[in-house]
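This report asks how the side chains of one protein model are arranged. Please examine the sequence and the structure below before reading on.

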Amino acid sequence: MRALSRLLALLLACGLVLAGPASSRAAGPTEGAAPPYDGDLMRLAEILGALHYLRPLCGVTAEAQRWRNEMQALLDTEQPSDARRAKIIASFNRGYSSYAEVYRSCTPAARVAVDRQLDEGGRLTHEIVVRYGGN
């Protein structure tokens, strides 16, 4: 979990490169083709939603808002267009609701799901930083 947090912080510190070139950031969110990392970003948003549901379910109450706050920080840094923002938020909500439909209590399978989400989220964050964060 610590590794995912560090990688998310690094991703945000790199400006996510996700916001695009400085000229387009100055003008605000832009429309157009999705960036090459968009699929990974959508999956990362879905993972954040899953963690927002699963971590408190499994007794990590100190993280009750942590993953939602990470999602908000990602959106604040990315500054997507309204349409893209809606897609990112829908991915987060899909991650949350898909686990809420399956798990009502913290089971061994839920703990395995948390571990998998943390591992995949860390891997995705690392890949995005390595591929697109090197300005």
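The report describes a nonpolar core and then salt bridges.

## Basis of the model

This is a predicted model, in which local features need pLDDT of at least 70 and side-chain atom pairs count only at pLDDT 80 or more, while totals for chains, interfaces and linings use all residues. Residues are numbered from 1 along each chain as its sequence is written, and side-chain values use heavy atoms, with hydrogens and water left out.

## The nonpolar core

A nonpolar core is a set of buried Ala, Val, Leu, Ile, Met, Phe, Trp, Tyr and Cys residues joined through side-chain atoms within 4.5 Å; buried means under 20% relative accessible area, exposed over 50%, and partly exposed in between (1.4 Å probe, protein chains only). The largest such core has 27 residues, and Leu51, Met71 and Ile88 are among those with the most contacts inside it. Helix 3 (38–57) gives the most, with ten residues; helices are DSSP runs of H or I, at least four residues, numbered from the N terminus.

Beyond its neighbours within four places in sequence, Ile88 is in contact (heavy atoms within 4.5 Å) with residues including Leu41, Ala45 and Leu75.

## Salt bridges

A salt bridge is a side-chain nitrogen of Lys or Arg within 4 Å of a carboxyl oxygen of Asp or Glu; the count comes to ten. Arg55 and Glu63 form one at 2.9 Å, N to O. Arg55 is buried at 13% relative accessible area, and Glu63 is buried at 5%. Glu63 also pairs with Arg66 in a salt bridge at 3.8 Å, and Arg66 is partly exposed at 24%.

Definitions and conventions. Helices (H or I, at least four residues) and strands (E, at least two) are DSSP runs, numbered from the N terminus.
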